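Q: Could you talk me through how the helices pack in this one, and then the aromatic side chains? I have it open here.

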Amino acid sequence: MNKFINHIQLGYLGLLPFLACVGWPLLVGSNNFNMQFFTFYSIAILAFMSGNLWHAGQQSYRDAVKAILPILPLGFLAFLPQHITLAWLAVSFWLVLQFEKTSPQWQSYHADYQKMRFVLTSVVFVCHIFVIGISLYPN
C-alpha cells in the first residue's frame, strides 16, 4: 500500500482549489476571476486525468479515442455560456473515471486508490454543480 499513499495524498490535495473556488464566493461574493480560475483549473485537471488513460505502447485506437474524447470539445465550449462548459466538464470527470475503470490496469490498482478515484470524482462533480449555480445566480 505504501506506493499508493502518495497518489492518494496528492489526489486529495488536488481537491483544495476546487473547494476553495466553491467556498470563496460564499465568503466574499462571486466574481469573474473565481469563475475563470475554476474553469481553467478544471480543464487542466481533466486533461491530466485523460492523459493518464493513454498508456504508451499499450493503447489501441479505441483507447486513444477514450483519452481524447473528454477534452476534444473544450475549444468549442469556449464559445458557449460558462454554465454549459462547466456542465461538460462535470460530466467528463465521470466519463474519464468510467474509461479508467474499463481499462485492464484498473484491476491492478489498490482498493484504496480505486475508492479515492470515486470520492474525488464525486466531490469534483458536486463542486461543478455548485459553481454552475453560482454562475447562474451570482448574487
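Q: Which hand does the crossing of H2 and H7 have?

A: The crossing of H2 and H7 is left-handed, a term for the near helix being turned anticlockwise from the far one by less than a right angle, with clockwise giving right-handed. This is a predicted model, in which local features need pLDDT of at least 70 and side-chain atom pairs count only at pLDDT 80 or more, while totals for chains, interfaces and linings use all residues. Residues are numbered from 1 along each chain as its sequence is written, and side-chain values use heavy atoms, with hydrogens and water left out.

Q: And at what angle do the axes of H2 and H7 cross?

A: Helix H2 (residues 15-28) and helix H7 (residues 111-136) have axes that cross at roughly 25° and come within 10 Å. Helices here are DSSP runs (H or I, at least four residues) numbered from the N terminus, and axes are lines fitted to C-alpha atoms over the stretch in contact, with angles from 0 to 180 degrees between N-to-C directions. H2 and H7 are therefore roughly parallel to each other, where angles under 35 degrees count as roughly parallel, over 145 as roughly antiparallel, 65 to 115 as roughly perpendicular and the rest as oblique.

Q: Which residues in H2 meet H7?

A: From H2 they are Leu15, Phe18, Leu19, Cys21, Val22 and Pro25, and in H7 they meet Leu120, Val123, Val124, Cys127, His128, Phe130, Val131 and Ile134, contact meaning heavy atoms within 4.5 Å. The residues of this contact divide into 13 nonpolar, one polar and no charged, with Ala, Val, Leu, Ile, Met, Phe, Trp, Tyr, Cys and Pro counted as nonpolar, Asp, Glu, Lys and Arg as charged, and the others, Gly among them, as polar.

Q: OK, what about H3 and H7, how do their axes cross?

A: The axes of H3 and H7 cross at roughly 150° and come within 11 Å, and that makes H3 roughly antiparallel to H7. The crossing of H3 with H7 is left-handed.

Q: How many charged residues does the contact of H3 with H7 have?

A: It has one charged residue, along with six nonpolar and three polar. Met35, Phe38, Ser42 and Met49 in H3 meet Arg117, Cys127, His128, Val131, Ile134 and Ser135 in H7.

Q: What else does Ser135 touch?

A: Not counting residues up to four places away in sequence, Ser135 touches Met35, Gln82, His83 and Leu86. Ser135 is partly exposed, with a relative accessible area of 22%, where buried means under 20%, exposed over 50% and partly exposed in between (1.4 Å probe, protein chains only).

Q: Switching to aromatics, how many pairs are there?

A: A search of the whole structure finds nine aromatic pairs, counted when rings of Phe, Tyr and Trp (its six-membered ring) have centres within 6.5 Å, with planes under 30 degrees apart called stacked, over 60 edge-to-face and the rest tilted. Phe37 and Tyr41 are stacked, at 6.1 Å centre to centre and 5° between the planes, whereas Tyr109 and Tyr113 are edge-to-face, at 5.1 Å and 75°.

Q: How far apart are Phe37 and Tyr41 in helix H3?

A: They are four residues apart in helix H3 (residues 32-51), so about one helical turn separates them. Phe37 is partly exposed at 37% relative accessible area.

Q: And Tyr113, buried or exposed?

A: Tyr113 is buried, with a relative accessible area of 14%, while Tyr109 counts as partly exposed at 22%.

Q: Which residues form the aromatic cluster?

A: Phe18, Phe33, Phe37, Phe38, Tyr41 and Phe93 form one aromatic cluster.

Definitions and conventions:
Helix = DSSP H or I, 4+ residues; strand = E, 2+ residues; numbered from the N terminus.
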